[in-house]
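Good morning, and thank you for joining this meeting.

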Amino acid sequence: MLKIAVCVKQIPLVEDANFDPVSKTIRRDGVNVMSAYDLRAVAQAVELKKNIGAETTVVTMGPPQARDVLIDALGMGIDHAVHLEDRAFAGSDTLATARALALWLKRGAFDLILLGKYSLDAETGQVGPEIAELLGLAQIAGVRKLRLEGDMVFAERESDEGVEDVECRMPALLTCAERLIAPIRIDPKTREAAMSRRIEAVRSPSLSTEAAQFGFAGSPTSVQEVRAQEAPKVECKMIDAADPARAAAQVIAALERMGALRPRDHKPRPIASAIRKPHRGKDLWVVVETNLAGQITLGSLELLSTADGLAAQLGGAVAAVGFPAAVAKHSGLLASYGADQIIILDHPSLENYSPDTAAEALVKLVRERTPWGLLLNASERGRDWGPRLAARLGLGLTGDAIGLELNGEGRMVALKPAFGGNIVAPILSKTFPQMATVRQGVLELATPNPARKAVIETVRPQLGKPLTRLVRATSNVDESIAPLEGAEVVVGLGMGSGGPEGIERGKGLARVLGAGMCATRRVTDQGWVPRQLQVGLTGKAIGPRLYFALGIRGVPNHTVGIKRAETVVAINNDPEALIFERANIGLVGDFATLTEALTEAFRRRQSD
């Protein structure tokens, strides 16, 4: 019979984010729940148990009150529950957490280990890949469709541009996306019955006599002072929408007075002209990525731009590290954005992406050359293989950073959002190289210097057989719409758009404005807009200078993702819609009529 383990986490409600300023940890004495993605992992385990037969076990690591999520899981249909509970675990970062869980999981000889794609409190998805690396397992992250046949796993996973079909053999670790399966709801009577079920308690000495592996001592990263991010206080100017054409003209006039139609006024920093020489312990490496079209991603160029600025303070060089070998054809572009050296990793196994081989390809090189820092894109792939590399090398990794700084000691400070962007935590690493994945669109893109020429080096690592096979990659990106990441103007669409026809109207406005486009979770659930464009608590966070919220109710699950938007224009047929509490300009009326009027008004403005 199939043996399945599900790792879950208890988290505070996002709106109840509460940090202890002394211990710099999250206070969990308020309302706590199972992380939303973990609910999918539990539901998937129960579904497999019903359909093909399986013995299921749920495990969590946390304080005494974390027992509640285990009771929930038992009530949902899980067979056994295990609680890793010990003060020695307190303060564990992702690697220390993964280490403790892996030590327990190793005992169980599980065929399948399931986790949520990431946790909503710290917005972290590193534990799953780190466990997979520590146990030497195949992993597939962000699974949205799943089929098992014998010992084979066939999955469709989320990518930055669409979806990928991947397969591997069990044992394997999967992280579950929101679209995989609906969570299981349990009634009070079922939960009450589950409260009498046995929960096995596990203390740290039973996992390892080396207490330094756990808690603060075993954590290579540490949190500095926490910075609260307050939502902007706005007063909404309501415009009479009885005459749509007139209302559209008034919106444009108001935006002009506010300066919201002018591009942000800043001159990008130029890339340094000098080619720097490598210096052991002071170099900054940037792992660059390509999209399905083979082009270097914007996020990669932003990372190089930032690395160029940091290199001047560090006294080392900037190396662009890329795979597969075809990345070499972009050497001129990479050099123009700050790369002094380009390291190409060339091996047949790297032609077909697998997270384990990607991590393995860099291990020996990092150990031999000891760079000061290693920066990756916080893309679906960067989040996939980056934690495996960190686990293999025992390094601290800050995931999904939105900024990078140097402190007075010359160490990297990675600024990490948490609780839907309500909190920003500066993270330090105790280990070198210091690692971070950084979100696309949050770092400034410098002015390239096309005269720069970088040194190109090809490295051919020795690699084992990949644990997963990428069968197919499919893009659902609409190339006629500007990319969402880094867009100064964004058109957001809610359920008030009415369906695919309304989405096309929103796209029309976005095209006229040269804007990016996003949507609420419910819209992406309907399949009207790709999941990659979801903004909100379980989607992306954006910071445009101008945001059009069209047919969006304005519930916190979405507005937490537009916290950094400077000016918001909202259209909704409900005068009591919450979105007007976040908007600077509001119109109450029909979505289709007002959207078309705005599109035509902006089109005329551009032709004048």
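What follows is a short account of a sheet, the helices beside it, and several salt bridges. Please keep in mind that this is a predicted model.

Seven strands form an open sheet in the order 21-25-20-17-18-19-26, and their pairing is parallel. At the edges lie strand 21 and strand 26, each of which pairs on one side only. On average, neighbouring strands of this sheet are turned by 20° against each other, direction ignored. As a general point, the strands of a sheet pair through backbone hydrogen bonds, either parallel or antiparallel.

Strand 18, residues 318–322, and strand 19, residues 341–345, run parallel and are joined by four bridges. Within this pairing, V321 stands opposite I343 of strand 19.

Which strands does helix 8 lie across? Helix 8, residues 298–314, lies across strand 17, strand 18, strand 20 and strand 25. Its direction is at about 175° to that of strand 17. Helix 11 also packs on the sheet, where it touches strand 17, strand 20, strand 21 and strand 25. The direction of helix 11 makes about 155° with that of strand 20.

Helix 11 leads us to helix 4. Of the nine residues in helix 4, seven are buried, so that this helix is mostly covered. The buried residues are V127, G128, P129, E130, I131, A132 and E133. What covers them includes helix 11, together with strand 1, helix 3, strand 8, strand 9 and strand 12. Just after helix 4, G136 takes a positive phi of about 70°.

I turn now to the charged pairs. How many salt bridges does a search of the whole structure find? The search finds 41, and I shall discuss three of them individually.

R392 and E133 meet through their side chains in a salt bridge, at 2.4 Å from N to O. This pair links distant parts of the chain, with R392 in helix 11, residues 380–393, and E133 in helix 4, residues 127–135, 259 residues apart. Is E133 buried or exposed? E133 is buried, because its relative accessible area of 11% falls under the 20% cut-off. R392, by contrast, has a relative accessible area of 33% and is partly exposed.

The next pair is R521 and E178, whose closest N and O atoms are 2.9 Å apart in a salt bridge. Here 343 residues separate the partners: R521 lies in helix 13, and E178 in the loop between strand 12 and helix 5. R521 counts as partly exposed at 32% relative accessibility, whereas E178 counts as buried at 6%.

A salt bridge joins the side chains of R439 and D400, at 3.2 Å from N to O. D400 belongs to strand 21, while R439 is in the loop between strand 25 and strand 26, and the two are 39 residues apart. Both R439 and D400 are buried.

Finally, salt bridges with shared partners join R269, R276, D308, D340 and R452 into one network.

How values were computed. Residues are numbered from 1 along each chain as its sequence is written. This is a predicted model: local features need pLDDT of at least 70, side-chain atom pairs count only at pLDDT 80 or more; totals for chains, interfaces and linings use all residues. Side-chain values use heavy atoms; hydrogens and water are left out. A salt bridge is a side-chain nitrogen of Lys or Arg within 4 Å of a carboxyl oxygen of Asp or Glu. Buried means under 20% relative accessible area, exposed over 50%, partly exposed in between (1.4 Å probe, protein chains only). Two strands pair if DSSP finds at least two bridges between them. Axes are lines fitted to C-alpha atoms, for helices over the stretch in contact, and angles run from 0 to 180 degrees between N-to-C directions. Contact means heavy atoms within 4.5 Å.
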